[in-house]
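Dear colleague,

Please find below the structure that I am handing over to you. I would be grateful if you could read the notes that follow it.

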Amino acid sequence: STTILMDSLLNNTTLKVLNLWGNGLNKNEQLAIQSYLKNNTTITHLDLSTNALGPLGVTCICDGLHNHPSISTLLLSGNQMQLKGATALAPVISSATNLRVLDIGVN
């Protein structure tokens, strides 16, 4: 499960690319990713596309990405983020000074 993987990565502070595309992440897995993102500020590429996170899941992930200095690629397409998720994403985009690629299609 993704939660086990994320728990094993908690002490890894060097990972730069995390691709969890199409894994149908549940709430516990979303919280594990949130926790990991708060502790790892070296992630440059995050792909959580096609996970149907919903607005609460996107909000959870955005909380982990708040003031994340190194993120340059953020792929969140196909997550049903709706207005609440987009509202949570807005400050992440504003503070991500290295962000070069953002995909929020099909939301």
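The model is predicted: local features need pLDDT of at least 70, side-chain atom pairs count only at pLDDT 80 or more, and totals for chains, interfaces and linings use all residues. Residues are numbered from 1 along each chain as its sequence is written, and side-chain values use heavy atoms, leaving out hydrogens and water.

A search of the whole structure returned one salt bridge (a side-chain nitrogen of Lys or Arg within 4 Å of a carboxyl oxygen of Asp or Glu). Asp 63 and Lys 38 form this pair, at 2.9 Å from N to O. Asp 63 belongs to helix H3 (residues 54-65) and Lys 38 to helix H2 (residues 27-39), so the bridge ties together parts that are 25 residues apart in sequence (helices are DSSP runs of H or I, at least four residues, and strands are runs of E, at least two, numbered from the N terminus). Asp 63 is partly exposed, at 37% relative accessible area, and Lys 38 is partly exposed at 48% (buried is under 20%, exposed over 50%, partly exposed in between, with a 1.4 Å probe and protein chains only).

The largest nonpolar core has 26 residues (buried Ala, Val, Leu, Ile, Met, Phe, Trp, Tyr and Cys joined through side-chain atoms within 4.5 Å). Helices H1 (2-9), H2, H3 and H4 (82-95) each give two or more residues to this core. Leu 65 is among the members that touch the most others.

Leu 102 lies in strand E4 (residues 101-103) and is partly exposed, at 33%.

Yours sincerely
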